[in-house]
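Hi,

Here is the structure I promised to pass on. Have a look at it first, and my notes follow below.

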Amino acid sequence: MSNPLADPSADSKISQCEQAIEYQFRDRALLELALTHASVSRTRIESNERLEFLGDAILGAIICEALYHRFPDYPEGELTRIKSSLVSRTTCAVVATQLGLSRFLILGKGLMTHQQIPSSILAGVFESVVGAVHLDGGPTVVQAFVERADRKSVV
């Protein structure tokens, strides 16, 4: 995978993404990886898929804890229903769109020709950014990031 930090315009793009998500990375390579789709990577390991896997789990845990505290009288089934809606691909894609993550995605040429980025890719990039923020800043920082992102998207 090429290093966008070696390219001044890519460095600017990373900085713009940090501004959009309101988080500055200590390890900017994590953000680069979070934004890198498999279509442009030499191997799947060099794409955002592993961060997406982690971010999905982290996001689920953050949402579950928030629902647990916010709705103390709701039974497990109702909490599960609400959680499923909040962490769905559709919702994650909406959050990614509201954050403007599509402007920063690193995609292969085939995907760059599409008029609109598929919602599955948008959802995945949000989850991968969640994973990257968690690794870079820890649980408190990622929880604050998710809360800000949810408020921005009015989810």
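This is a predicted model: local features need pLDDT of at least 70, side-chain atom pairs count only at pLDDT 80 or more; totals for chains, interfaces and linings use all residues.

Now the overall picture. The protein has eight helices and zero strands, and 45% of its 155 residues count as buried.

Then the salt bridges, where the count comes to eight. Arginine 28 is in one with aspartate 11, and their closest N and O atoms are 2.5 Å apart. Arginine 28 lies in helix α2 and aspartate 11 in helix α1, so this pair ties together parts 17 residues apart in sequence. Aspartate 11 is partly exposed, at 28% relative accessibility.

Another pair is arginine 148 with glutamate 22, at 3.5 Å between the closest N and O atoms. Here helix α8 is tied to the loop between α1 and α2, parts that are 126 residues apart in sequence. Both partners count as partly exposed: arginine 148 at 21% and glutamate 22 at 42%.

Arginine 89 also forms a salt bridge, with glutamate 52, and the closest N and O atoms are 2.9 Å apart. That pair links helix α5 to helix α3, 37 residues apart. Arginine 89 is partly exposed at 41%, whereas glutamate 52 is buried at 16%.

Cheers

Terms used. Residues are numbered from 1 along each chain as its sequence is written. Side-chain values use heavy atoms; hydrogens and water are left out. Helices (H or I, at least four residues) and strands (E, at least two) are DSSP runs, numbered from the N terminus. Buried means under 20% relative accessible area, exposed over 50%, partly exposed in between (1.4 Å probe, protein chains only). A salt bridge is a side-chain nitrogen of Lys or Arg within 4 Å of a carboxyl oxygen of Asp or Glu.
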